[in-house]
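Please open the model in your viewer and keep the selection panel at hand. The stops below each begin with something to select.

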Amino acid sequence: MITIKNVSKKFGKSEVLNNVNLNFKKGECIALIGPNGCGKTTLIKSILGMVIPSEGDIFFDNKSVLGQFQYRNNIGYMPQIGRYPDYMNIGQIIEMMKTIRNSNQVLDEDLVRDFGLEKIYDKPMRTLSGGTTQKVSATLAFLFNPEVLILDEPTAGLDPLASEILKDKIIKEKDKSKLILITSHLLSELDDMITQIIFMQDGKVHFHKSIADLLEVTNEQKISKAIAKILKTQNNESNN
């Protein structure tokens, strides 16, 4: 569904992405992880057309996305920090997005109900906590039933109940054969959701494995411990 071929990106003399090659298919829930500054956000923004690669190309359903925008109608994006007009309330934000998209398809308003947003539609965005703003961002990402979901630190700032609601929703959409990309620093949050994991460092992909392969190779039961073991092994090898 999404293919990234030989993508590099420089900002001035700084190379943020270095010859990245990846392939994402429907029905996968893929975690994109790595330390701050590893290139995760730049890669996501490149897929969304917000950053233009210095080299290489990105394909959505076998068509290049460079210079295109219509393909983005098939993507739901949840930013790590959502920024909305202070003077608008929750209901107005949601209705504004419906008007902008002007979509005739059936909307997915599960999270509106499950997060209880209808009860606080009249709350101005400027008064919301970070967690409630995250709920609005999540709702908008899923609202138009996209084929692809890109979720940047989706559970950050959510209370335990809201976090479970969102994780259940992610699993439900994965089971509908949608493609889901998640960035997260909270590896413990990923265990029940993801099918593959990509670890990036210094703008490069260090490994891209299925969860089954990752756990088998490391002889671990938890993703966080499996990744820690791989990274420790790599560090030991580089120091020898």
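Select helix H2 (residues 90–101) together with H4, and look at how the two pass each other: the crossing of H2 and H4 is right-handed, where right-handed means that the near helix is turned clockwise from the far one by less than a right angle, and left-handed that it is turned anticlockwise. The contact draws on Ile90, Ile93, Ile94, Met97 and Lys98 from H2 and on Thr132, Val136, Thr139, Leu140 and Leu143 from H4, with contact meaning heavy atoms within 4.5 Å. Sorted by class, the residues of this contact are 7 nonpolar, 2 polar and 1 charged; Ala, Val, Leu, Ile, Met, Phe, Trp, Tyr, Cys and Pro count as nonpolar, Asp, Glu, Lys and Arg as charged, and the others, Gly among them, as polar. The two axes come within 11 Å and cross at roughly 20 degrees, the axes being lines fitted to C-alpha atoms, for helices over the stretch in contact, with angles from 0 to 180 degrees between N-to-C directions. H2 and H4 are therefore roughly parallel to each other, a label for angles under 35 degrees, whereas over 145 is roughly antiparallel, 65 to 115 roughly perpendicular and the rest oblique. Helices (H or I, at least four residues) and strands (E, at least two) are DSSP runs, numbered from the N terminus.

Before moving on, note that this is a predicted model, in which local features need pLDDT of at least 70 and side-chain atom pairs count only at pLDDT 80 or more, while totals for chains, interfaces and linings use all residues. Residues are numbered from 1 along each chain as its sequence is written, and side-chain values use heavy atoms, with hydrogens and water left out.

Next, select leucine 149, which is found in strand S7 (residues 148–152). Is leucine 149 buried or exposed? With 0% relative accessibility, leucine 149 counts as buried, where buried means under 20% relative accessible area, exposed over 50% and partly exposed in between (1.4 Å probe, protein chains only). Leaving aside neighbours within four places in sequence, leucine 149 is in contact with Gly76, Ala141, Phe142, Glu173, Leu179, Ile180 and Leu181.

Move to serine 8 in strand S1 (residues 2–11), which is buried at a relative accessible area of 6%. Beyond the neighbours within four places in sequence, the contacts of serine 8 include Glu15, Leu17, Asn18 and Asn19, as well as Pro53, Ser54 and Glu55.

Now select helix H1 (residues 40–47), where 6 of the 8 residues are buried, so that H1 is largely enclosed by the rest of the structure. The buried residues of H1 are Lys40, Thr42, Leu43, Ile44, Ser46 and Ile47, and just after H1 glycine 49 takes a positive phi of about 80 degrees.

Finish at helix H6 (residues 211–218), whose buried residues are Ile211, Leu214 and Thr218. They cover an arc of only 65 degrees around the axis, which puts them on the same side of H6, the arc being that of the directions from the helix axis to the C-beta atoms. The face turned away from that buried side carries the exposed residues Ala212, Glu216 and Val217.
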